[in-house]
Amino acid sequence: MTSIRERWLWLLKNTLNRWTVKLARSGTGPFSLVRHVGRKSGATYETPIIVARAAEGFIAELTYGENVNWYRNIVAAGGCELVVDGAPHHVIAVEPYPSDAGRRAFPPPARLVLRLTGRHEYRLLRTVAADRTAR
């Protein structure tokens, strides 16, 4: 028997995510794309997420926690490709990020929603370009 969470994630994957992937590919709207390789299948996947820019790369909020496939895949691989506003960015590391700083990275409307919904799991998606400018 599947859990409510598993059914919810299936529903998102098979309905809303298809629409948000199209938006993310077009470079319009709030969505970015994580292109990642499956840990077991080796297949390439695209998952829409919302990120905020940071000096070191991008900040992602883990709405569904650490056990979603896109996150587990990029951690296992040590990186991924992140497409933001139509431009690809090579993620070279995934690191925990402080909750308060993570919320502050997002613009005010999103920041308020994140605070009101009690979101506290943020990750820094460190990018190649950001890594070069830090040196």
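**View 1. Strands E1 and E2 pair in the antiparallel sense.** In this predicted model, six bridges link E1, which spans residues 32–37, to E2. Zooming out, you will find E2 and E1 at one end of an open sheet of seven strands, ordered E2-E1-E5-E6-E7-E4-E3 with antiparallel pairing. The edge strands are E2 and E3 (51–54), and each of them pairs on one side only. On average, and ignoring direction, neighbouring strands of this sheet are turned by 35 degrees against each other.

**View 2. Here we visit Thr47, in strand E2 (residues 44–49).** Is Thr47 buried or exposed? Its relative accessible area is 15%, and buried means under 20%, so Thr47 counts as buried. The side chain of Thr47 makes a polar contact of 2.9 Å with that of His36. Setting aside residues up to four places away in sequence, Thr47 touches Ser32, Leu33, Val34, His36 and Trp70.

**View 3. Helix H2 (residues 69–77) packs on the sheet.** H2 touches E1, E2, E4 (57–61), E5 (80–84), E6 (87–97) and E7 (122–127), and its direction makes about 60 degrees with that of E1. Which residues of H2 are buried? They are Trp70, Tyr71, Asn73 and Ile74. Because these residues cover an arc of only 165 degrees around the axis, they lie on the same side of H2. A handy reminder here: an α-helix has 3.6 residues a turn, so residues three or four places apart point the same way. The buried residues of H2 pack against E1, E2, E4, E5, E6 and E7. Just after H2, have a look at Gly78, which takes a positive phi of about 80 degrees.

**View 4. Our last stop is Arg123, in strand E7.** With a relative accessibility of 9%, Arg123 counts as buried. Which side chain does Arg123 meet in a polar contact of 2.3 Å? The partner is the side chain of Glu66. Leaving aside neighbours within four places in sequence, the contacts of Arg123 are Phe58, Ile59, Ala60, Leu62, Glu66, Tyr71, Val94, Glu95, Pro96 and Tyr97. Among them, Tyr71 is one of the buried residues of H2. For a distance to check on screen, the C-alpha atoms of Arg123 and Ala93 are separated by 9.9 Å, with the two residues 30 apart along the chain.

Technical notes. Residues are numbered from 1 along each chain as its sequence is written. This is a predicted model: local features need pLDDT of at least 70, side-chain atom pairs count only at pLDDT 80 or more; totals for chains, interfaces and linings use all residues. Side-chain values use heavy atoms; hydrogens and water are left out. Helices (H or I, at least four residues) and strands (E, at least two) are DSSP runs, numbered from the N terminus. Buried means under 20% relative accessible area, exposed over 50%, partly exposed in between (1.4 Å probe, protein chains only). A polar contact is a pair of N or O atoms within 3.5 Å; within protein, one must be able to donate a hydrogen and the other to accept it, and residues adjacent in sequence count only if both atoms are side-chain atoms. Contact means heavy atoms within 4.5 Å. Two strands pair if DSSP finds at least two bridges between them. Axes are lines fitted to C-alpha atoms, for helices over the stretch in contact, and angles run from 0 to 180 degrees between N-to-C directions. The arc is that of the directions from the helix axis to the C-beta atoms.
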